[in-house]
Amino acid sequence: MFDLRYHVASLAAVFVALLIGILVGVAMSGKVDDAEKQALKSDVRRLNAEVEAAGEGRANFTREQASIRAFVKNAYPSLIAGRLPEKRIGVIFAGTADAGVRQDIERTIADAGAGTPTRMRALNVPIDVDAVGGKLNGDLRQYRDAGLDELGRALANEFVEGGDTPAWSALTSVFVEEKSGSFRRPLDGVVVVRTADPQKGETNLFLSGLYSALADADVPTIAVETSGDETSAVRAWSEAGLSTVDDVDAPAGRLALALLLSGSPGGSYGVKKSAGDGIVPPIEPLPAQVGG
């Protein structure tokens with residue numbers, strides 16, 4: 001997580017080095033009196049103390065994070081149980097449906113009481129623009145001119161609402177790599193994963209439209225990745241307005257995902273520097289637990 005104390009420590013260390021350099025320089029020049037030298041020495045001592053304090057604060061902050069993660073790990077079963085009773089959750093992979101991440105998501109929603117995902121679609125990324133264009137006929141022809149970002153928005157809306165899904169029906173054969181579940185019922189929440197590399201050009205436009213429309217939907221949409229992902233998508237997701245969890249492979253990340261899907265305040269959660277809102281959202285007691 002971003003913390004100002006890290007930067008205070010770094011800046012203070014720089015100033016200490018500068019002042020030491022100045023002190024050495026003026027001492028060698030012989031052009032300052034003892035009072036000025038003492039003042040410079042005092043400044044160096046003060047800044048050194050601030051560096052040490054900032055370092056201690058960073059150590060305390062790290063210990064606090066470790067304590068929170070340990071608490072969540074031990075209390076995970078009771079904290080997550082009943083968070084998503086019978087909720088219908090859909091999953092979209094931008095890229096191959098990674099088995100490990102898929103298992104983490106499925107475990108999360110099962111532990112929270114939602115059963116298995118209502119539907120899952122893994123998209124072939126980058127998309128074959130020519131193949132997609134060849135399927136845009138009839139009412140879908142409008143997206144040839146409107147752009148792939150608008151097509152992404154249309155697919156996002158159909159994915160959430162279910163029922164009649166003309167865009168998915170037309171395009172599944174050309175850009176869906178793997179699928180499960182039907183579009184028969186609307187969703188109560190969506191989980192997004194990016195397993196493909198960052199995209200450019202038309203595919204980037206398409207994904208931007210998809211992410212933005214999911215962020216605008218009336219149901220929570222949470223984008224997730226694992227703590228070990230080397231190429232993070234958090235920045236792109238946050239710019240599109242999505243809430244994020246960057247450690248879905250850990251108990252704290254799975255709890256954060258369940259809380260966000262249940263309607264907790266959105267934000268960026270996890271253990272990486274991009275997790276500006278903490279490890280997990282506020283943990284509110286379930287209605288049945290109040291006064292228990």
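**Sheet and nonpolar cores of a predicted model**

Seven strands form an open sheet with mixed pairing, in the order S3-S2-S1-S4-S5-S6-S7. Strands are DSSP runs of E of at least two residues and helices are runs of H or I of at least four, numbered from the N terminus; two strands pair if DSSP finds at least two bridges between them. The model is predicted, with local features needing pLDDT of at least 70 and side-chain atom pairs counting only at pLDDT 80 or more, while totals for chains, interfaces and linings use all residues. Residues are numbered from 1 along each chain as its sequence is written, and side-chain values use heavy atoms, leaving out hydrogens and water.

- Strand S3 (176–180) and strand S7 (268–269) are the edge strands, each pairing on one side only.
- Three bridges join strand S5 (residues 221–224) to strand S6 (residues 243–245) in the parallel sense.
- Ala223 has Thr244 in S6 as its bridge partner.

**Nonpolar cores**
- A nonpolar core is a set of buried Ala, Val, Leu, Ile, Met, Phe, Trp, Tyr and Cys residues joined through side-chain atoms within 4.5 Å, where buried means under 20% relative accessible area (1.4 Å probe, protein chains only).
- The largest core has 38 residues, and Leu123, Leu151, Phe175, Phe206, Tyr211 and Leu214 touch the most other members.
- Elements giving two or more residues to this core include S1, S4 and helix H8 (201–216).
- Helix H6 gives the most to this core, seven residues.
- A second, separate core holds 33 residues, among them Ala97, Ala256, Ala258 and Val280.

Key. Buried means under 20% relative accessible area, exposed over 50%, partly exposed in between (1.4 Å probe, protein chains only).
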